[in-house]
Amino acid sequence: PISTKKENGENVRMTNFSYMQAWYVPGKGFINFFTRYKYPVDRTICYMTSFSGNKWSEWTRIATIGRGSYQISGATKKKACTAFNVHLRLPGRRAVHNRTNLYYIETADFGKTWQTAEGKKLTLPLTEVQNPALVHDYNAEGLNVYLKDIRFDKKGRPVILFITTWGYDAGPKNDPRTWNTAFWTGKKWEINPEIGRASCRERV
């Protein structure tokens, strides 16, 4: 069968989405995180839900900040979450080359409401660079952020894996490529940039 989504109260065929990440939440169904280009910004991150995996809810925008975002996501038996960055347009640089900052949000009711790790309620879509979902302001440090994965500890607290570097170009001028984890302790985000440093010189 053809998958459909809700749009203006009608079931319509789904088209034009990228980077789908699907998670099953027991007893509730599937939640999918994805990107829609030009909706209204270059890379608009969204989500949708479905009990069966066939008929889906309306697409809901997560963030429309700057020139858009990339995201990674995850889910446990109790919640679903996404971590994302932002593309900022700076003088002399294309926005796609300036992906920075680290944000995190989660939902415990299958997308009905969203909150930060500490429980602060959010209204989607997020539209400002500085907002309560910001885990760390890497733009202030001049660093790019490349998202890799989300995992959870035994208590369901998120651990985000990501890389920071001084720029998008390949080669040693932007070394080091630093692997980082951001771990929610239950009270604060603990960022560890020492799990490994990769250098272009070390690989040749």
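Are Y104 and W189 buried or exposed? Y104 is buried, and W189 is buried as well, where buried stands for under 20% relative accessible area, exposed for over 50% and partly exposed for the range in between, with a 1.4 Å probe and protein chains only. The model is a predicted one, in which local features need pLDDT of at least 70 and side-chain atom pairs count only at pLDDT 80 or more, while totals for chains, interfaces and linings use all residues. Residues are numbered from 1 along each chain as its sequence is written, and side-chain values use heavy atoms, with hydrogens and water left out.

Two strands are said to pair if DSSP finds at least two bridges between them. An open sheet is formed by 3 strands in the order β2-β1-β6, with mixed pairing. Since β2 (10-13) and β6 (55-56) stand at its edges with a single partner strand each, one side of each is left without a neighbour in the sheet. Strand β1 (residues 4-7) pairs with β2 in the antiparallel sense over 4 bridges, and within this pairing K5 has V12 as its bridge partner.

Strand β4 (residues 29-37) has 7 of its 9 residues buried, so it is largely enclosed by the rest of the structure. On one side of the chain, strand β3 (residues 18-25) pairs with β4 in the antiparallel sense over 6 bridges, with S18 opposite T35; these two strands form a hairpin with 3 residues between them, and G27 in the turn has a positive phi of about 80°. Strand β5 (residues 43-50) runs antiparallel to β4 and is joined to it by 8 bridges, with R36 opposite T44. The hairpin of β4 and β5 has 5 residues between the strands, and K38 takes a positive phi near 60° there.

Strand β9 (residues 80-87) is likewise largely enclosed by the rest of the structure, because 8 of its 8 residues are buried. In a regular strand the side chains alternate between the two faces of the sheet. In β9, A80, T82, F84 and V86 point one way and C81, A83, N85 and H87 the other, and all are buried. This strand is joined by 5 bridges to the antiparallel strand β8 (residues 71-75) and by 7 bridges to strand β10 (residues 99-107), which also runs antiparallel to β9.

A nonpolar core is a set of buried Ala, Val, Leu, Ile, Met, Phe, Trp, Tyr and Cys residues joined through side-chain atoms within 4.5 Å. The largest such core has 20 residues, and those with the most contacts inside it are I31, F33, I62, A63, F84, I105 and L126. Two or more residues come from each of β4, β5, β7 (60-63), β9 and β10, with β9 giving the most, 3 residues.

Aromatic rings of Phe, Tyr and Trp (its six-membered ring) pair if their centres lie within 6.5 Å, planes under 30 degrees apart counting as stacked, over 60 as edge-to-face and the rest as tilted. The count comes to 13 aromatic pairs. The rings of Y39 and W59 have centres 6.3 Å apart and planes at 85°, so this pair is edge-to-face. Ring pairs also link F17, F34, Y39 and W59 into a cluster.
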